[in-house]
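Q: Please take a close look at one part of this structure. Describe it step by step, for someone who has not seen it before.

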Amino acid sequence: MSSKVVALVPFNYGGVNIDRGEIFDLRALPNDDKLLGNKFVRYYEKGEDKQLQCDTCGRRFGSEVWRRGHKAKKGGCPAI
């Protein structure tokens, strides 16, 4: 089973703030099953080939809307 997921809500994962729509890999942390069960994340489907990267921090997002939301946060991209 793939460990690549898409965040459905913003949250902190292992000390990293994850934005809505961000694509990332689960790292086998204790609450990974709860993230899936409580619908904080969903598995990234193999057929989903759209990954848009933030040109500032390199994080990947599943849609242009989510990427723009990440960059439009108060103060801009968190990496700035």
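A: Lys71 has a relative accessibility of 33% and counts as partly exposed; buried means under 20% relative accessible area, exposed over 50%, and partly exposed in between (1.4 Å probe, protein chains only). This is a predicted model, in which local features need pLDDT of at least 70, side-chain atom pairs count only at pLDDT 80 or more, and totals for chains, interfaces and linings use all residues. Residues are numbered from 1 along each chain as its sequence is written, and side-chain values use heavy atoms, with hydrogens and water left out.

Lys71 forms a salt bridge with Asp55, their closest N and O atoms being 2.4 Å apart; a salt bridge is a side-chain nitrogen of Lys or Arg within 4 Å of a carboxyl oxygen of Asp or Glu. Lys71 lies in helix H2 and Asp55 in the loop between strand E6 (52-53) and E7, so the pair ties together parts 16 residues apart in sequence. Helices (H or I, at least four residues) and strands (E, at least two) are DSSP runs, numbered from the N terminus. Asp55, at 64% relative accessibility, counts as exposed.

Helix H2 also holds Glu64 and Arg67, three residues apart, about one turn of the helix. These two form a salt bridge with closest N and O atoms 2.6 Å apart. Glu64 has a relative accessible area of 27% and is partly exposed; Arg67, with 22%, is partly exposed too. A network of salt bridges links Glu64, Arg67 and Arg68.

Ser63 sits in the loop between strand E7 (60-61) and helix H2 (64-71). A polar atom of the Ser63 side chain lies 3.2 Å from the backbone nitrogen of Trp66. With neighbours within four places in sequence left aside, Ser63 is in contact (heavy atoms within 4.5 Å) with Lys50 and Leu52.

Elsewhere, the search of the whole structure finds five salt bridges. One of them joins Asp25 to Lys4, with closest N and O atoms 3.7 Å apart. This pair links distant parts of the chain, Asp25 being in strand E4 and Lys4 in strand E1, 21 residues apart. Asp25 counts as partly exposed, at 38% relative accessibility. Asp25 is also the bridge partner of Lys4 in E4. E1 and strand E4 (residues 22-25) run antiparallel and are joined by three bridges; two strands pair if DSSP finds at least two bridges between them.

Conventions: A polar contact is a pair of N or O atoms within 3.5 Å; within protein, one must be able to donate a hydrogen and the other to accept it, and residues adjacent in sequence count only if both atoms are side-chain atoms.
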